[in-house]
Amino acid sequence: MKRYVITIGRQLGSGGKEIAERLAGELGIKVYDKTLLQAAARESGIDAEVFEMADERDSGSFFGIHGSMSEYMPGDSCLDSNKLFELQSEAIRNIAQDESCVIVGRCAEYVLRDHPAMLSIFITGDKADRIARVVKAKGFDADAATTFIEKGDKKRRSYHDYYATTRWGEAGCYDVCVNSSRLGIDGTVAFLKQFIIAHFGL
């Protein structure tokens, strides 16, 4: 069977991570989220903690918080957030070359824009549903959940738009955009699975 890759961008609280995991399970392929950071760390020899701290942060916000991270680099090499993005992107390309998979976030649809069998998906959701999902998952009240969502989406957008020439969450930048509130998580998974099967001829 030919190799293919599905990238999933998501609004915070949209259920995007759960949808990605369930899609991967039903398709019999792996899902990569924070495991990408571990792969990048292994391949580069850099402490995985660095990738965790820089995860989906743009250059300015990363160094505004953490300053120079050169102590984490092997030898005397210079480390900056652009280099971290390059290393993570290389890990994404290597994984996509070796196996069929689902990749969540990390500008994957942009990094893999030249991949011959890539389908990009963006998951959104109604605000009330997103807030309810975060309240349940984090134990926040509605106000705290709203703030958490707003800050999380801002961070993801800033990271994506800093490194990519496409725009985070804009319909024209993805193959499929779907509101998980319309069909629910189960229905969204079923819909996307059928779309993927049809698209790739599986």
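The dialogue below goes through some terms applied to this structure and the values behind them.

Student: What kind of model is this, and how are its residues numbered?
Tutor: This is a predicted model, in which local features need pLDDT of at least 70, side-chain atom pairs count only at pLDDT 80 or more, and totals for chains, interfaces and linings use all residues. Residues are numbered from 1 along each chain as its sequence is written, and side-chain values use heavy atoms, with hydrogens and water left out.

Student: What makes up the secondary structure of the protein chain?
Tutor: The chain has nine helices and five strands. Helices (H or I, at least four residues) and strands (E, at least two) are DSSP runs, numbered from the N terminus. From the N terminus on, the order is β-α-β-α-α-α-α-β-α-β-α-α-β-α.

Student: Why are α7 and α8 called roughly perpendicular?
Tutor: Helix α7 (residues 127-138) and helix α8 (residues 142-163) pack at an angle of about 105°, with their axes 9 Å apart. Axes are lines fitted to C-alpha atoms, for helices over the stretch in contact, and angles run from 0 to 180 degrees between N-to-C directions. Angles under 35 degrees count as roughly parallel, over 145 as roughly antiparallel, 65 to 115 as roughly perpendicular and the rest as oblique. The two helices are therefore roughly perpendicular to each other.

Student: Which residues make that contact?
Tutor: On α7 they are K127, R130, I131, V134, V135 and K138, and on α8 A142, A145, T146, F148, I149, E150 and D153. Contact means heavy atoms within 4.5 Å. These residues divide into seven nonpolar, one polar and five charged. Here Ala, Val, Leu, Ile, Met, Phe, Trp, Tyr, Cys and Pro count as nonpolar, Asp, Glu, Lys and Arg as charged, and the others, Gly among them, as polar.

Student: R130 lies in helix α7. Is R130 buried or exposed?
Tutor: Buried means under 20% relative accessible area, exposed over 50%, partly exposed in between (1.4 Å probe, protein chains only). R130 has 8% relative accessibility, so it counts as buried. Leaving aside neighbours within four places in sequence, R130 is in contact with Q11, L12, G13, S14, G125, I149 and D153.

Student: How much of the chain counts as buried?
Tutor: Of the 202 residues, 49% count as buried.

Student: What makes up the largest nonpolar core?
Tutor: A nonpolar core is a set of buried Ala, Val, Leu, Ile, Met, Phe, Trp, Tyr and Cys residues joined through side-chain atoms within 4.5 Å. The largest one has 22 residues, and those with the most contacts inside it are Y4, I6, I8, I121, L192 and I196. At least two residues of this core come from each of β1 (5-10), α1 (16-27), β3 (101-104), β4 (118-124), β5 (176-179) and α9 (180-200). A second, separate core of 15 residues includes Y32, I95, C107 and Y163.

Student: How do you know that I6 is buried?
Tutor: I6, in strand β1, has a relative accessible area of 0% and is therefore buried. I6 and E109 are 103 residues apart in sequence and 8.3 Å apart in space, C-alpha to C-alpha.

Student: Why do R106 and C107 count as buried?
Tutor: R106 has 2% relative accessibility and so counts as buried. C107 has a relative accessible area of 3% and is therefore buried.
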